[in-house]
Amino acid sequence: MPGATRLSGKDLLGLKNLTEDEIMLILRSAARMKARIDDTGKRSPELSGKSVVTLFYENSTRTKMSFMMAGKYLGASATDLGVATSSVNKGERLAETGINLDQMGVNMMIIRHQTTGAPHLLARNVRASVVNAGDGANEHPTQALLDLMTIYERLGGFDGLKVAILGDISHSRVARSNAFGLIRLGAKVTLAGPATLVSGSFRALGADVTTNILEAVEGSDVVMGLRIQLERDKAPNFPNLREYSSLFGVNARILKHAKKGALVMHPGPVNRGVELSADVIDGSQSVIYQQVKNGVAVRMALLKLLLSEEGD
Amino acid sequence: MASILIKGGRVIDPANYIDGGRDLLIRDGIVGEVGENLSEDGADRVVDASGLIVVPGLIDLHVHFRQPGHEHKETIETGSRAAAMGGYTTVCAMPNTNPAVDNEVVVEYVKLMAARAGLCNVLPIGAATAGQKGERLSDIGSMARAGIVAVSEDGKSVAGSALLKTAMKYASQFGLPMFSHCEDADLAGSGQMNAGARAALLGLNGIPNDSEEVIVARDIILANATGCRLHVCHISTEGAVWQLRSAKSRQYAVTGEAAPHHFTLTDEDVPGDYDANFKMNPPLRSAADRAAVIRGLADGTIDCIATDHAPHHYDEKNVEFANAPNGVVGLETAFALAYTGLALTNALSPLTLIEKMSLNPARILGINRGALSRGLPADVSIFDTREEYAIDPALFASKARNTPFAGRRVRGRLKYTILGGKVVVDNGVIRD
């Protein structure tokens with residue numbers, strides 16, 4: 001099989017700097033891991049003795065749980081730092097927290113943080129592998145990898161695919177990681193949303209940018225909705241949810257403009273009836289729940305690739 | 001006090017339109033004579049300046065010396081050492097200390113600490129509002145009597161236009177200029193670097209040019225309305241340069257400064273590892289903005305180069321980019337960056353460069369320095385511009401190391417700094 005057999009660095013900080021070979025290595029490995037999720041007999045202790053710690057400075061259900069599960073299915077010990085009850089509350093700086101965990105022999109730190117670049121800061125200061133589980137408005141690489149895996153499973157490749165990513169682009173680390181990964185793999189990405197939530201600067205990622213949802217969806221193979229981050233902005237960038245869903249939401253009528261059988265995706269949690277209408281979320285084209293399962297597989301693959309001495 | 005003859009150097013003195021081989025005689029702390037082949041007879045010391053450039057001591061309108069209150073970052077003594085090692089003989093210290101420089105007691109304290117260090121003239125700038133809180137005027141008149149040279153809210157703008165207008169009107173009766181940091185905090189929002197393609201790639205929130213430009217426009221209008229002289233700090237955008245040019249064309253009493261990082265780097269230089277040594281306010285802007293700042297310096301729109309020397313402890317910069325404080329140190333790299341980036345590229349003549357780093361700042365302050373004219377205090381700096389070297393933060397005299405220029409190759413190494421006839425840096429070594 002061609003391509004890489006290991007990742008080049010000790011960390012996974014984003015998709016921006018991963019090669020096509022490295023992404024495909026993770027996806028192939030994840031495909032093999034997936035079989036082990038349902039079949040308890042296939043779970044093996046190949047990472048036994050390795051310790052993984054999650055440091056979540058922001059809330060999470062799916063991402064944190066699936067990292068913990070991925071670690072356990074491979075025999076690693078997975079511990080959550082419990083940021084809310086840790087020395088972080090005494091004002092301990094991130095670099096300091098990392099150095100302390102390093103001294104305890106932690107092999108991998110999985111971090112989610114509200115500020116861009118926090119995982120990079122941690123990675124500079126520790127020997128352990130650092131995995132970015134979402135930093136500010138920057139990247140969420142494991143989410144994008146599970147999205148890529150889902151697309152690969154359903155559509156068999158990326159070259160020439162047209163992917164529409166819709167919604168709050170400017171605050172979305174999911175949109176950015178997906179754009180980096182998809183474009184690297186040969187897909188064509190269109191980012192769309194209201195002008196106050198998607199800026200022309202995003203063309204720097206290699207994506208098309210538009211404020212016209214229909215234009216973005218037209219002829220696309222994948223329609224990806226993003227969560228409107230109601231909790232983030234004090235002064236919202238659009239008047240209200242009613243106007244948002246009527247002008248920028250995806251419903252069955254809009255989805256008809258996509259290719260027949262186009263995939264509907266969403267990183268969750270979904271605001272039902274806002275970015276996607278209920279019939280679209282629950283419809284036959286939706287792969288939203290498959291995404292979640294693939295999340296565990298992708299994270300198992302990453303743990304193995306970063307922690308196992310043999311690589312893949 | 002002894003006499004010093006500086007022999008064989010290339011004297012660059014814009015006040016007297018000199019750029020050429022001259023000797024310089026310093027007698028009793030003042031400039032005695034500038035001429036060709038001056039006699040060594042009677043000189044207590046002869047400094048061989050052959051191959052070196054001899055300029056009036058550099059003057060910086062914008063430094064942060066952090067004392068009182070933030071002595072872990074810098075003190076007036078360590079800041080003065082950094083100034084001396086950068087060829088600066090006069091610097092203006094911004095008031096955002098703790099307590100802020102908002103009354104004459106703190107002004108006197110700054111002056112006392114500077115006198116104790118004795119390495120550099122440190123001229124205090126007073127805050128515009130009490131505690132820099134933007135609520136009521138500081139003791140501007142008492143501070144004027146104690147010796148402040150300007151009023152500034154640096155680090156931010158006075159948000160309320162009416163209060164700013166009052167401060168300008170009040171300051172102008174004491175002949176004090178307003179040094180404005182121009183930033184609309186609302187428009188800057190949670191931005192951490194220049195808005196644009198690089199911010200989009202790095203996933204950092206952008207600080208748009210308009211956040212600077214609307215306040216430049218407001219402050220120009222209010223300064224003109226009140227008769228207050230306005231000095232626009234650290235100009236970083238094309239639109240701000242345009243505003244200043246337009247105001248000058250209408251004969252408004254406005255001046256402006258640019259910082260070495262803004263005419264040297266762009267937002268494309270902000271590295272992918274989120275090194276907070278590239279975080280400052282205003283941020284590194286686009287290539288077009290950088291070019292506009294250089295054009296502004298060249299055509300006289302921007303009067304001077306000021307460092308915005310902003311020392312921070314390394315612990316404070318070794319944090320998440322969003323949580324790191326703004327600012328970079330500048331005193332010990334400014335001349336070399338300006339000489340390499342502006343003079344060697346022919347953007348500015350050496351004469352104009354020195355004008356921007358010494359004569360013009362003196363004029364803005366209304367002080368009789370920045371020139372090698374007979375009878376003036378002998379503030380002189382001597383640089384070796386022949387040899388290229390790499391900037392090494394480990395060698396800084398400042399307490400701080402927060403520079404984006406580590407390893408950058410430049411020309412213009414300081415050899416001597418003479419402050420009022422006293423050699424404070426002697427062949428590259430500080431004497432105290």
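Predicted model: local features only at pLDDT ≥ 70, side-chain atom pairs only at ≥ 80, totals over all residues.
**Exercise 1. How many residues does the contact take from chain A and from chain B?**

Solution. Residues are numbered from 1 along each chain as its sequence is written, chains are lettered from A and ligands numbered from 1 in the order in which they are written, and side-chain values use heavy atoms, with hydrogens and water left out.

Step 1. Apply the cut-off: contact means heavy atoms within 4.5 Å.
Step 2. Read off each side. Chain A gives 21 residues and chain B gives 17 residues.

**Exercise 2. Find the area that chain A and chain B bury between them.**

Solution. 
Step 1. Buried area is the accessible area (1.4 Å probe) that two parts lose on being put together, summed over both.
Step 2. The two chains bury about 1,500 Å², with 52% of it on carbon and sulfur atoms.
Step 3. On the chain A side, A:Arg93, A:Thr116 and A:Arg124 lose the most area to chain B; together they make up 32% of what that side buries.

**Exercise 3. Identify the salt bridge between the chains.**

Solution. 
Step 1. The test is a side-chain nitrogen of Lys or Arg within 4 Å of a carboxyl oxygen of Asp or Glu.
Step 2. Between chain A and chain B the count is 1.
Step 3. A:Arg93 pairs with B:Asp315, at 3.7 Å from N to O.

**Exercise 4. Which residues of α2(A) are buried?**

Solution. 
Step 1. Helices are DSSP runs (H or I, at least four residues), numbered from the N terminus.
Step 2. Helix α2 of chain A covers residues 62-73, 12 residues in total. From first C-alpha to last, α2(A) reaches 16 Å, close to the 16 Å expected at 1.5 Å a residue. That expected span is 1.5 Å times one less than the number of residues.
Step 3. Buried means under 20% relative accessible area (1.4 Å probe, protein chains only). A:Thr63, A:Ser66, A:Phe67, A:Met68, A:Ala70, A:Gly71 and A:Tyr73 qualify.
Step 4. Just after the helix, A:Gly75 takes a positive phi of about 90°.

**Exercise 5. Describe the surroundings of A:Asp11.**

Solution. 
Step 1. Leave out residues up to four places away in sequence. A:Asp11 then touches A:Ala123, A:Ala128, A:Ser129, A:Val130 and A:Leu306.
Step 2. Look at polar atoms. A polar atom of the A:Asp11 side chain lies 2.8 Å from the backbone nitrogen of A:Val130.

Conventions. Helix = DSSP H or I, 4+ residues; strand = E, 2+ residues; numbered from the N terminus. Buried < 20%, exposed > 50% of the residue type's maximum accessible area, 1.4 Å probe, protein only. Polar contact = N/O pair within 3.5 Å; in protein donor to acceptor, adjacent residues only side chain to side chain.
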